[in-house]
Amino acid sequence: MVTVDYSLYLVTDSSLVPHDLTFLGQIEKALEGGVTLVQLREKDLDTGPFIELAYKVKALTRQFNVPLIINDRIDVALAIDADGVHIGQDDMPLTQARQLFGNDKIIGVSCNTIEEAQIAVHQGADYLGIGAVWNTATKKLTKKTLGIQGVQDILAAIPPIPNVVIGGIKLDNGKELLENTTGVSGLSIVSGIMAAPDAKKACKELLSMIRNYVVNPMTVQNEIVEYAIKAIEHIKTKSPLVHHMTNNVVINDNANATLAVGASPIMSTNDEEVNDIAKINGSMVLNMGTLSPKMAETMSMAMKSNHDLGHPIVFDPVGAAATEYRRVHTKKFLESGTVTVLKGNTGEILYIAERGGKSRGVDSVGGNGGEENAALAVKETAQKYNCIVAMTGEIDYVSDGHRVFAIENGDNLLACITGSGCMVSSIVGCFTAVNRDNYLYATIAAILLVTIASEKATKRSDVQGPGTFRSALIDELYNVSNKPSILEEYAKIREVKL
Ligand SMILES: Cc1ncc(COP(=O)(O)OP(=O)(O)O)c(N)n1
Ligand SMILES: Cc1ncsc1CCOP(=O)(O)O
């Protein structure tokens with residue numbers, strides 16, 4: 001699904017357009033003024049004319065690269081391949097709409113109460129339309145208006161989710177709303193734009209006010225992608241040594257992945273050369289997958305010598321919860337205070353965060369307990385151990401203890417080969433070795449590279465299943481590293497607001 005900027009969401013109403021202007025002209029002006037999302041809301045059109053109009057609006061929104069949402073009518077949305085549909089409480093149930101529309105499309109749901117919002121979140125809405133906040137002549141309201149406090153009460157009762165507020169919003173009260181709430185993603189406006197004599201000017205004014213309170217998610221994504229592209233170039237030009245002490249299941253793949261991105265692996269577990277390697281090292285990757293007492297001792301030595309020399313240390317607590325031995329060592333390594341990046345799967349990080357992680361052997365079992373639980377797990381653990389924490393899973397979460405990012409890239413085949421998580425740790429090692437100014441972004445960049453390489457690998461005609469995927473993944477790490485601008489096209493990163 002595309003990353004959506006909900007900041008200024010135009011909901012159309014052809015009946016409100018001033019008589020000297022046209023409906024499509026008004027939408028075009030609004031797009032020129034910067035609306036970030038458009039909903040075609042036609043209450044009285046028959047299906048045929050609705051579809052015809054929708055195609056015309058879609059042609060306009062495409063020119064501005066703005067997603068188009070269809071109000072109420074999933075059939076119309078499907079017919080014109082719109083980006084999403086908006087449904088109210090009396091429309092088709094969300095679960096059915098999702099079945100028809102699929103996971104890649106945007107589904108928004110109107111909510112007027114905490115309970116409606118909680119149900120919509122639970123059922124997987126992509127965004128909420130919260131309202132009406134104030135009275136409006138545009139729609140005959142059948143439910144109470146929320147006021148600013150009502151909006152805040154709903155937002156406080158649900159996990160972070162994209163949302164827009166609607167109903168009677170103009171420039172001044174919109175500002176008051178954004179000043180007095182936290183967690184609003186954008187404002188949804190009908191008459192304030194559709195009836196404006198100069199829709200472009202109206203939108204410009206609205207957007208410049210909104211930008212003081214709401215960050216465009218694309219800005220954040222672009223900033224990180226830009227960092228990632230430069231970070232990849234640094235790896236290739238500096239070719240850092242990345243010392244791995246990893247498990248004997250993945251050692252060859254990790255070494256090849258490290259080479260594929262332009263770094264240089266050394267896979268030694270010999271305690272007699274740890275200190276010498278540290279002197280020429282770029283970063284240290286410690287992976288607990290097949291830990292033995294001897295290796296644990298050598299890892300502790302390596303942590304100390306690399307830490308003393310200021311090298312980043314990436315720790316992968318494989319199977320952290322699985323046995324007493326692993327639990328004790330996970331704690332010991334983390335409490336050494338030397339870890340720069342803790343990278344684990346969902347079960348491992350949730351266990352460390354005491355937020356319900358489960359492992360079967362070294363595999364993560366069960367979900368992440370929802371986005372809020374996942375985001376808090378990485379954030380709190382990062383604060384506790386003063387490091388970056390990355391939790392890989394269906395969605396990857398990364399935090400430095402202040403900000404939390406979600407990365408929604410990656411192909412399902414990653415879960416079908418052994419060591420894909422370990423490979424992420426290796427690549428985090430490569431990135432942090434030569435991108436020491438921002439370990440948070442360097443970690444996100446590494447995850448982005450592996451997950452996007454996985455998406456590209458799956459699409460190849462020579463990939464028939466996990467075996468061919470495994471070697472294609474290494475090919476694509478190499479290919480994407482050689483053409484990092486590909487990240488701009490594929491990256492799906494967003495900041496999670498808690
Ligand atoms: C963004 C957004 N929020 C709320 C609504 C209202 O939807 P609904 O409750 O289905 O009412 P109608 O728009 O169908 O009259 C919306 N359309 N968009
Ligand atoms: C569609 C809708 N749903 C709740 S209020 C509303 C209309 C908002 O229109 P306006 O922005 O003109 O007040």
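Start at Phe-315: select this residue and Leu-342, its bridge partner in strand 13. The model is predicted, so local features need pLDDT of at least 70 and side-chain atom pairs count only at pLDDT 80 or more, while totals for chains, interfaces and linings use all residues. Residues are numbered from 1 along each chain as its sequence is written, and chains are lettered from A and ligands numbered from 1 in the order in which they are written.

Strands here are DSSP E runs of at least two residues, helices are H or I runs of at least four, and both are numbered from the N terminus. Two strands pair if DSSP finds at least two bridges between them.

Next, select ligand 1. Its shell holds 17 residues, the closest being Gly-88, Ser-110, Gly-129, Ile-166 and Ser-188. A residue counts if its C-beta atom, placed from the backbone, lies within 6 Å of the molecule. Strand 1 (8-11), strand 5 (106-111), strand 6 (127-131) and strand 7 (163-166) each give two or more residues.

Finish at ligand 2. Here 14 residues surround the ligand, and Thr-136, Thr-138, Gly-167, Val-190 and Ser-191 are the closest.
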